[in-house]
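Here is a short report for a first look at this protein. Keep the sequence and the structure in view while reading.

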Amino acid sequence: MEIRGLIKLYKDLHKSGKITGSGVERHNELVSQYRERLMQSSDSNSHKRLKKASYIKVKGKKWI
């Protein structure tokens, strides 16, 4: 499965309330890996995809 598909899956599970803190942390790890790959690529549409891949906020933690 592609990393974008996993990110979307985790996001949908979070919206439906089926995952907890550890699932959110995994989602945020995948997002940071995805963002790193996009920043290294020279694709002209990468900035649009970077905006779509956002972190899920966790109580008590900051994700930049």
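## Helix α2 and its length

Helix α2 covers residues 21-40, which is 20 residues. At 1.5 Å a residue, α2 should span 28 Å. Its end C-alpha atoms lie 29 Å apart, so the two values agree. The expected span is 1.5 Å times one less than the number of residues. Helices here are DSSP runs (H or I, at least four residues) and strands are too (E, at least two), numbered from the N terminus.

This is a predicted model, in which local features need pLDDT of at least 70 and side-chain atom pairs count only at pLDDT 80 or more, while totals for chains, interfaces and linings use all residues. Residues are numbered from 1 along each chain as its sequence is written, and side-chain values use heavy atoms, leaving out hydrogens and water.

Gly23, Val24, His27, Asn28, Leu30, Val31, Tyr34 and Leu38 of α2 are buried. They cover an arc of only 160° around the axis, which puts them on the same side of α2. The arc is that of the directions from the helix axis to the C-beta atoms. Ser22, Arg37, Met39 and Gln40 are exposed on the other side of α2. Buried means under 20% relative accessible area, exposed over 50%, and partly exposed in between (1.4 Å probe, protein chains only).

An α-helix has 3.6 residues a turn, so residues three or four places apart point the same way.

## How α1 and α2 pack

Helix α1 (residues 3-16) packs against α2 at an angle of about 150°, with the axes 10 Å apart. Axes are lines fitted to C-alpha atoms, for helices over the stretch in contact, and angles run from 0 to 180 degrees between N-to-C directions. The two helices are therefore roughly antiparallel, a term for angles over 145 degrees.

The contact (heavy atoms within 4.5 Å) involves residues of α1 including Ile3, Leu6, Ile7 and Tyr10. From α2, the residues include Gly23, Val24, His27 and Leu30.

His27 sits in helix α2. At 0% relative accessibility, His27 counts as buried. Leaving aside neighbours within four places in sequence, His27 contacts Ile7, Tyr10, Lys11, Ser54, Tyr55 and Ile56.

Gly23 is also in α2. Its relative accessible area is 10%, so Gly23 is buried. Gly23 and Leu13 are 10 residues apart in sequence, and their C-alpha atoms are 8.9 Å apart in space.

## The whole protein

The protein has three helices and zero strands. Buried residues make up 25% of its 64 residues.

Technical notes: Parallel < 35°, antiparallel > 145°, perpendicular 65-115°, else oblique.
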